[in-house]
Amino acid sequence: MTSCLRTTALSLTTVALLASSPALAQEGSTLDKVLERGYLVLGTGSTNAPWHFKSVDDKLQGFDVDMGRVVAKALFGDPDKIEYVTQSSDARIPNITTGKVDLTCQFMTVTGERAQQVAFTIPYYREGVGLMLKADGPYADYAALKAAGSDVTVSVLQNVYAEDMVHAALPEATVDQYESVDLIYQALESGRADAVATDQSSLAWYMTQNPDRYVDAGYGWNPQSYSCAVARGDHDWLQFVNTALHEAMTGVEFDFYAASFKTWFGAELAPPQIGFPVEYK
Amino acid sequence: MSDLLHFLDQIWLARYVILKGLGLTVSISALAIAAGSVLGILVGLSLTYGNILLRSVVRIYTDFVRGTPVLVLVLASFYILSAVGIDLNAFQAGVLALAVFCSSHVGEIVRGALQAIPKGQTEAAKAIGLTFRQTFVSVLWPQALRQMLPTWVNTAAEMVKASTLLSVIGVAELLLRTQEIISRNFMSLQFYFLAGLLYFVINYGIERFGKYVERKTAVPS
């Protein structure tokens, strides 16, 4: 089954359901419902390291999962009070608009189009795209790739703007789109592609898992914000999740956020400066 | 050699996850095939013997379901049903969608098998004084069943393969489980091969079962 059809079908479903969604906002805030229920229903994926994936003992883990845990901790003082709904990337918006999840944290890029369908929280990560090459491959770096023009094939995760994204850095390159992260790496490994273009966080994670086999081409572009998302029209709930995320990045839960950041991206964060709030600098 | 050992080691680490996925795939398929077959027999009977009204309604149902991609049925049963107040979880919604899809195929198989029996037999049965019910039970159905089996096995195997589509709505069947393992160890070729092998084993089991029933129902010669 092609992904294109899948996406189209999901979009149609979403559109059909958006028409009936304003009624949902009337029934009290999700915040109260979640508190009464005693656990958070978090939508996320299970197949993309280091964002959301399964450990050897079959537990969901990753940076997205930790953001959900930040919210659960703010709600119940216990980061484990979460029921996970594993969903494909295509299901992120439909599952929010149909109320199957309270909150989705699944490396969701903030765009104007999406913001018309769901309400985004404040960003918890700024992603950029990078290029990864084989260490012993024919191209040494970004300059070599660019010079090779249309001879270069770049494997990329399937997305509506994937083609444009690659062409912003390599205007003539051939773009091959794949369904999942492991397949874009497989394409590089098997020689179907000369470079992988994907999020730098994923590349960094993959290169630390496979030391010395790959190199970063040394060029980054395409900044994008990652935010969690909730249903539109529930200001209380959005405000609550925003507060929880904000304090994880700047306040009392900073250690939780920094520990997670270190685990998944391998970098130490300096604590926010004490005194005048960093937000207003 | 060390690659193979590494692969075996990874399989061993993921053994429970693989077994859980396999178990879920088998349960989804078994439920969908069983429910779909029962419903499908009713569909087939309606298409063959129903009055014009029943026949038209069932004909629209069959054509609509058969003409719709399984994925669309899966998404519809998960999202659209919940919008009208029937809140099925992902597993239930998935089984429902597959069972409905299966029923439309089995319905056509049953209709085809019944209509392939020459009219003369029904007339002969009538001539020796059998009621329609007796004709159906002793003359038509036993022959139709034998006709149906090979195509039914085909449909059952299709259902097992269609169960992979349930990963889209988050049912942790074998394919999604495999993808979860691959996202951790990036051994995509090896683990997709393993998943392919397991799907083959399930479908081979169905085929053997079909052959067994064929032998049991064969006309003694």
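1. Two residues are taken to be in contact if their C-beta atoms, placed from the backbone, lie within 7 Å. In this predicted model, eight residues of domain 1 of chain A are in contact with eight residues of domain 2 of chain A. On the domain 1 side, strand 2 and helix 11 (254-265) of chain A are the elements that give two or more residues. That side has four nonpolar, four polar and no charged residues.

2. As for the domains themselves, domain 1 of chain A spans 3-118 + 231-280, and domain 2 spans 128-223. Their centres, taken over C-alpha atoms, are separated by 28 Å.

3. Between the chains, the contact takes 30 residues from chain A and 25 residues from chain B. On the side of chain A, at least two residues each are supplied by helix 1 (3-18), strand 2 (47-48), strand 3 (52-54), strand 5 (82-86) and helix 8 (181-189). Helix 1 of chain A gives the largest share, six residues. By class, this side of chain A has 14 nonpolar, eleven polar and five charged residues.

4. The largest nonpolar core has 69 residues, and Leu40(A), Leu103(A) and Val154(A) are among those that touch the most other members. Helix 10 (residues 235-250) of chain A contributes the largest share of this core, eight residues. Domain 1 and domain 2 of chain A each provide at least three residues to this core.

5. Not counting residues up to four places away in sequence, Leu40(A) touches residues including Val34(A), Leu75(A), Ile82(A) and Leu103(A). A second, separate core of 54 residues includes Ala90(B), Leu166(B), Ile182(B) and Ala195(B).

Note on methods
Residues are numbered from 1 along each chain as its sequence is written. Chains are lettered from A and ligands numbered from 1 in the order in which they are written. This is a predicted model: local features need pLDDT of at least 70, side-chain atom pairs count only at pLDDT 80 or more; totals for chains, interfaces and linings use all residues. Helices (H or I, at least four residues) and strands (E, at least two) are DSSP runs, numbered from the N terminus. Ala, Val, Leu, Ile, Met, Phe, Trp, Tyr, Cys and Pro count as nonpolar, Asp, Glu, Lys and Arg as charged, and the others, Gly among them, as polar. Domain bounds come from an automatic or database domain assignment. A nonpolar core is a set of buried Ala, Val, Leu, Ile, Met, Phe, Trp, Tyr and Cys residues joined through C-beta atoms within 7 Å. A residue is buried if 20 or more other C-beta atoms lie within 10 Å of its own, exposed if 12 or fewer, and partly exposed in between; C-beta atoms are placed from the backbone.
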